[in-house]
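Here is a short briefing on an annotated site and the elements that carry it. Please read it alongside the model.

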Amino acid sequence: MSAEARFLTLLRLLADDPAARGLMDDAAVLDLPASQLVLTSDTMVEGVHYLPTDPPDAVGWKLAAVNLSDLAAKGARPIGCLLNYALSGDDDWDSGFLEGLGEALNRHAMPLLGGDTVKMPTGAPRSVSLTAIGEAAGAVPARGGAQAGDRLYVTGPVGDAGVGLDLARADPAASGPLVDAYRRPRPRLAEGALLAPHVSAMMDISDGLLIDAARMGAASGLAVVIDHIPLSPAVERTRGGSSAVMIAAASAGDDYQLLFAMPAAMRPPVAAIPVGHLRAGGGLTLMIDGAVMPLPARLGWEHG
Ligand SMILES: Nc1ncnc2c1ncn2[C@@H]1O[C@H](COP(=O)(O)OP(=O)(O)OP(=O)(O)O)[C@@H](O)[C@H]1O
Ligand SMILES: Cc1ncc(C[n+]2csc(CCOP(=O)(O)O)c2C)c(N)n1
Ligand SMILES: [Mg+2]
Ligand SMILES: [Mg+2]
Ligand SMILES: [Mg+2]
């Protein structure tokens, strides 16, 4: 068992309240008399989740966006958030960060309610953390609710952010839609709210389509077949549309598209691209152009 798996096993012993959903979902869901509270927290570490050369406003935007994306995955409306911040010793960086954070909070109507500030020893890599609180009116979809025979969909193409990261790594001044997809992801809140009452399972894609689809299958006790990896025109123009490009796109992560399962007889109420289906059994099968492909050694990100 890896150190991380051991740590999570011990954590689960501390999290036996049903609201924690076994620490196996995108967010915790607390039943209230009239609605449900949805709680989620994500951290970003310099060099792991963003490049040291990324502009600070992009880091602030992205910290809010990745948390909003987990609310979107549960169909929740943001209520507010708590920020845990380590001062970086560079005032310009800190104010740039707040500018981007504020922009994302305003755009998505998520007020800052509190948090904590600490100072890191000089030279330590930056780490920023945010806890988002949302509210869901109806049933909150789980990762693990998919049924055998369900179709699997994404709300848009995958892999833009992965190419954007490569471009930003090669040239910190790079710009354009692919770099924007990596630095300023857009949480699919409206889509999540429209989908939530109809899906049998839903999650956001943060670690990569392949690994996140495999997680949905495992949580649902089913086998997953991915038979289509949708690429954007921008990725096809930059990288082409070979199966190697598709597999890279499906394991790059940082997409923040929603991945959801729905009975084959239903039509998704938002624009969505079919990517596969779920069936009895276990494991992940990848098909490209109708042919079963060997799975790549790495399906996506497992905590950096
Ligand atoms: N240190 C921790 N303490 C308590 N719960 C945790 C901890 N780390 C993860 N979890 C819980 O594990 C579950 C899955 O978290 P995870 O971070 O893998 O999901 P995610 O946010 O959807 O993915 P990503 O972090 O890639 O965006 C959630 O219920 C989360 O609250
Ligand atoms: C500099 C840099 N290198 C790589 C990536 C890609 N990346 C790293 S961790 C992760 C998934 C979420 O992690 P976790 O599961 O720990 O929350 C992704 C998509 C990045 N964003 N920045
Ligand atoms: Mg998630
Ligand atoms: Mg997380
Ligand atoms: Mg997340």
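Asp42 is buried, with 21 other C-beta atoms within 10 Å. Buried means 20 or more other C-beta atoms within 10 Å of the residue's own, exposed 12 or fewer, and partly exposed in between, with C-beta atoms placed from the backbone. This is a predicted model: local features need pLDDT of at least 70, side-chain atom pairs count only at pLDDT 80 or more, and totals for chains, interfaces and linings use all residues. Residues are numbered from 1 along each chain as its sequence is written, while chains are lettered from A and ligands numbered from 1 in the order in which they are written.

**Annotated site**
- An unreviewed UniProt entry places the feature "binding site" at Asp42 and Asp70. They span 29 residues in sequence, yet no two of their C-alpha atoms are more than 9.0 Å apart, so they gather at one spot.
- UniProt positions follow the numbering used here, feature names are shortened, and annotations may be inferred rather than shown by experiment.

**Asp42**
- Asp42 sits in strand β2, residues 36–45. Strands (E, at least two residues) and helices (H or I, at least four) are DSSP runs numbered from the N terminus.
- Beyond four places in sequence, Asp42 touches Val66, Asn67, Asp70 and Leu130. Contact means C-beta atoms, placed from the backbone, within 7 Å.

**Asp70 and its helix**
- Asp70 belongs to helix α2, residues 56–73.
- Asp70 is buried, with 25 C-beta neighbours inside 10 Å.
- Setting aside neighbours within four places in sequence, Asp70 contacts Asp26, Ala27, Thr40, Asp42, Ala132 and Asp204.
- 18 of the 18 residues of α2 are buried, so α2 is largely enclosed by the rest of the structure.
- Just after α2, Gly75 has a positive phi of about 70 degrees.

Key. Two residues are in contact if their C-beta atoms, placed from the backbone, lie within 7 Å.
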